[in-house]
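Good morning, everyone. Please look at the model on the screen while I go through it.

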Amino acid sequence: MNLDKRSNLSVNPWFCAAFFIMALMLSACGSSDDDSTGDIRFYNLSENSPAIYLTIDEDLDDEDDDAYEKTYTGVDFLSLSSASSIENGDYFYEIAFQNDDSTSRDDLEILLEGSLNIVKESTQLLVLNGDIHSPEASNL
């Protein structure tokens with residue numbers, strides 16, 4: 001074996017650059033085990049509805065301040081809410097519309113109630129469809 005001869009192997013510089021960039025991207029993609037949240041989004045497909053408000057609550061009967069409770073801004077027909085991160089767990093939801101000038105949860109007219117489970121690193125999509133007088137909700 002003659003060690004003085006040059007090898008016929010050549011390395012494409014574009015390949016090296018692509019490999020380096022992919023390695024950097026993969027190292028930035030790691031997920032944290034401490035991330036214990038999932039997302040929720042709401043989609044209003046009820047054609048004759050006003051803006052619809054979604055409330056997420058840990059316990060509908062408990063008025064305690066330490067339980068999670070949040071009412072999101074109104075979502076118009078054919079609109080999709082932005083994703084909101086919530087701790088993993090079981091929650092109740094209320095779908096309602098504004099009956100007066102107030103958007104306080106106590107002043108909203110509730111159309112539907114149900115439950116859902118928020119799972120780590122996933123998105124729950126809650127969809128309101130059908131006529132506003134007999135609406136249906138789907139949890140996808």
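For the protein, the mean pLDDT is 78, and 71% of the residues reach 70 or more.

Now the ground rules. This is a predicted model, so local features need pLDDT of at least 70, side-chain atom pairs count only at pLDDT 80 or more, and totals for chains, interfaces and linings use all residues. Residues are numbered from 1 along each chain as its sequence is written, and side-chain values use heavy atoms, with hydrogens and water left out.

Next, the sheet. Strands here are DSSP runs of E, at least two residues, numbered from the N terminus. Two of them pair if DSSP finds at least two bridges between them. In which order do the four strands of the open sheet stand? The order is E4-E1-E7-E8, with mixed pairing. Strand E4 (84–87) and strand E8 (136–139) are at the edges with a single partner strand each, so one side of each has no neighbour in the sheet.

Strand E1, residues 37–45, pairs with E4 in the antiparallel sense over four bridges. Gly38 has Ile86 of E4 as its bridge partner, and Ile40 has Ser84 of E4. With E7, E1 pairs in the parallel sense over seven bridges; there, Phe42 is partnered by Leu126.

In a regular strand the side chains alternate between the two faces of the sheet. E1 has a covered face of Gly38, Ile40, Phe42 and Asn44. Its uncovered face holds Thr37, Asp39, Arg41, Tyr43 and Leu45.

On to the core. A nonpolar core is a set of buried Ala, Val, Leu, Ile, Met, Phe, Trp, Tyr and Cys residues joined through side-chain atoms within 4.5 Å. Buried means under 20% relative accessible area, with a 1.4 Å probe and protein chains only. The largest core has 18 residues, and those touching the most other members are Ile40, Phe42, Leu54, Ile56, Ile95 and Leu116. Strand E5 (89–98) gives the most to this core, with four residues.

Last, Gln124, in strand E7. Is Gln124 buried or exposed? Gln124 counts as buried because its relative accessibility is 13%.

Definitions and conventions. Buried < 20%, exposed > 50% of the residue type's maximum accessible area, 1.4 Å probe, protein only. pLDDT = per-residue confidence, 0-100.
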